[in-house]
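Biologist: Could you walk me through the side-chain contacts in this one? I'd like to start with the aromatic rings and then move on to the charged pairs.

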Amino acid sequence: MKKIFWLFLCMYLAVGLTGCESDSSLPKAGKGNLAQSEHYHVYGGDTEAMYYRPVEFNQVFPYLPEKLKQNAKLIDPGKLPFPVGKQNAYLVSFQSGQESGHLHQVQFSYLKDKDEYGRYGNEFAIVRMTETASDPFVGFVGRKSGTDDMGNRIEVETIGDDNIRLYHHILQTGGGYVYSYYDWDEQKRSVQMVKTMANEIDFYHNGVMYQIGYLVNGNQFDENVQKQMVALAKELVADEEG
């Protein structure tokens with residue numbers, strides 16, 4: 001009788017533990033392409049990704065892989081050049097033929113208050129971090145400040161003791177590369193990819209590619225906003241760099 005009791009107890013615990021493990025995962029919210037910088041493609045343009053339902057910033061950290069968890073920092077919304085009305089974190093997993101196993105990406109979205117039509121995103125700052133095995137900017141080491149291949153401004157600088165190369169692409173013409181970011185479609189209850197244009201700050205550090213996209217005040221050329229965003233980008237690695 002005791003053997004039967006312990007057998008059922010073990011089975012109960014096993015089922016319970018399995019249930020807990022399953023419940024500890026974020027709900028899936030569809031599949032689609034991996035969001036990347038059009039300036040610097042790390043993986044194939046059609047890399048398929050699994051999207052997870054967005055959560056509040058502090059709720060995503062337990063689900064991040066160690067590499068992202070060690071490097072992930074948040075921007076103080078009060079330091080952004082617009083009032084933030086909506087914040088969400090998006091976790092994405094994907095596979096690449098270049099690397100084995102699942103890789104991850106996390107996106108922290110800061111969207112301005114709703115406009116007169118009740119829509120978010122008229123102004124935004126997106127901080128996206130993607131796991132990579134090697135520095136994706138190796139082929140761009142010689143790139144200097146000036147004009148990029150779309151006729152827009154590019155400013156290149158080296159920061160920190162690790163000589164991190166920071167690439168700042170600033171829109172100043174009527175055209176530019178497509179900028180993509182994840183957003184939540186409440187009606188479809190799924191993650192969608194928003195395609196627009198934005199200024200970008202891109203750099204690589206500690207096995208992670210950082211990409212910050214921002215659009216402020218109809219993207220009127222504003223050097224103060226540009227300096228403000230670069231200062232915030234530097235804060236993301238400030239502790240490590242001293």
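**Aromatic and charged contacts**

Modeller: Phe57, Phe61, Phe108 and Tyr110 form one aromatic cluster, and please keep in mind throughout that this is a predicted model.

Biologist: How many aromatic pairs does a search of the whole structure find?

Modeller: The search of the whole structure finds 13 aromatic pairs. One of them is made by Tyr43 and Phe94, whose ring centres are 5.1 Å apart with the planes at 65°, so the pair is edge-to-face.

Biologist: Where in the chain do Tyr43 and Phe94 sit?

Modeller: They link distant parts of the chain, 51 residues apart, with Tyr43 in the loop between strand S1 (28–33) and strand S2 (48–52) and Phe94 in strand S3 (residues 84–96).

Biologist: And is Tyr43 buried or exposed? What about Phe94, buried or exposed?

Modeller: Tyr43 is buried, its relative accessible area being 3%, and Phe94 is buried as well, with a value of 1%.

Biologist: Switching to charges, how many salt bridges does a search of the whole structure find?

Modeller: There are six salt bridges in the whole structure. Among them is the one between Lys112 and Glu123, where the closest N and O atoms are 3.2 Å apart. That pair links distant parts of the chain, eleven residues apart, since Lys112 is in strand S4 (residues 99–112) while Glu123 is in the loop between S4 and strand S5 (124–131).

Biologist: Which relative accessibility does Glu123 have?

Modeller: Glu123 has 8% relative accessibility and therefore counts as buried, the cut-off being under 20%, whereas Lys112 is partly exposed at 22%.

Biologist: What about Glu157, which side chain does it meet in a salt bridge?

Modeller: Glu157 meets the side chain of Lys234, with an N to O distance of 3.2 Å.

Biologist: One more, then: what is the N to O distance between Arg189 and Glu186?

Modeller: The side chains of Arg189 and Glu186 meet in a salt bridge with an N to O distance of 2.0 Å. Arg189 is partly exposed, with a relative accessible area of 41%, and Glu186 is likewise partly exposed, with 48%.

Terms used
Residues are numbered from 1 along each chain as its sequence is written. This is a predicted model: local features need pLDDT of at least 70, side-chain atom pairs count only at pLDDT 80 or more; totals for chains, interfaces and linings use all residues. Side-chain values use heavy atoms; hydrogens and water are left out. A salt bridge is a side-chain nitrogen of Lys or Arg within 4 Å of a carboxyl oxygen of Asp or Glu. Helices (H or I, at least four residues) and strands (E, at least two) are DSSP runs, numbered from the N terminus. Buried means under 20% relative accessible area, exposed over 50%, partly exposed in between (1.4 Å probe, protein chains only). Rings of Phe, Tyr and Trp (its six-membered ring) pair if their centres lie within 6.5 Å; planes under 30 degrees apart count as stacked, over 60 as edge-to-face and the rest as tilted.
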